[in-house]
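Look at the fold below.

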Amino acid sequence: MAIALEEARAAGARGDVPVGAVVGRGEEVLGRSGNARERDQDPTAHAEILALRGAARKIGNYRLTGCRLVVTLEPCPMCAGAAVVARMAEIIYGTPDPKGGAVSTLYRIASDPRLTHRAAVTSGVLAEECAALLTSFFRSRRSAPTR
């Protein structure tokens, strides 16, 4: 989660929502990224998607069997679905997302028995620190002068 937090801070510093993600297998980091929707002007440039893409490129296979996705914010439906398609073994996240969380809060995509793959879910890892990054980012946005 420490690496995901680094990625989240970097995303926030460049004006993107501070969410970071890491794909790992054992102790090896296969992919890592922060949100880049603003930077790339790409609605799919979520931290999780970018980290999954990097990991798949690194191992030369979209099947990330035996890997875990670590992310600072509970994945949205798109990212949870991508993790399932990638056959992630586990999704670990910091803080829940009451407006878009799709592995525990609003939906349970990663554990839905109707899908062909399921991932274990662990929540609350460094939750306060993950939430504080988001709270600080949005507080600064609301207090910034408008143009």
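## The sheet

In β4, Leu73 has Thr95 as its bridge partner. Strand β3 (residues 68-73) and strand β4 (residues 90-95) run parallel, joined by 5 bridges. Strands are DSSP runs of E with at least two residues, numbered from the N terminus, as are helices (H or I, at least four residues). Two strands pair if DSSP finds at least two bridges between them.

The open sheet has 5 strands with mixed pairing, in the order β2-β1-β3-β4-β5. β2 (28-34) and β5 (120-122) stand at the edges with a single partner strand each, so one side of each has no neighbour in the sheet.

## How to read the model

This model is predicted: local features need pLDDT of at least 70, and side-chain atom pairs count only at pLDDT 80 or more, while totals for chains, interfaces and linings use all residues. Residues are numbered from 1 along each chain as its sequence is written, and side-chain values use heavy atoms, leaving out hydrogens and water.

## The aromatic pair

How many aromatic pairs does a search of the whole structure find? The search finds 1 (ring centres of Phe, Tyr or Trp, its six-membered ring, within 6.5 Å). The rings of Phe137 and Phe138 have centres 5.1 Å apart and planes at 80°, so the pair is edge-to-face.

Phe137 is buried, at 9% relative accessible area. Phe138 is partly exposed, at 36%. Buried means under 20%, exposed over 50%, and partly exposed in between (1.4 Å probe, protein chains only).

Conventions. Rings of Phe, Tyr and Trp (its six-membered ring) pair if their centres lie within 6.5 Å; planes under 30 degrees apart count as stacked, over 60 as edge-to-face and the rest as tilted.
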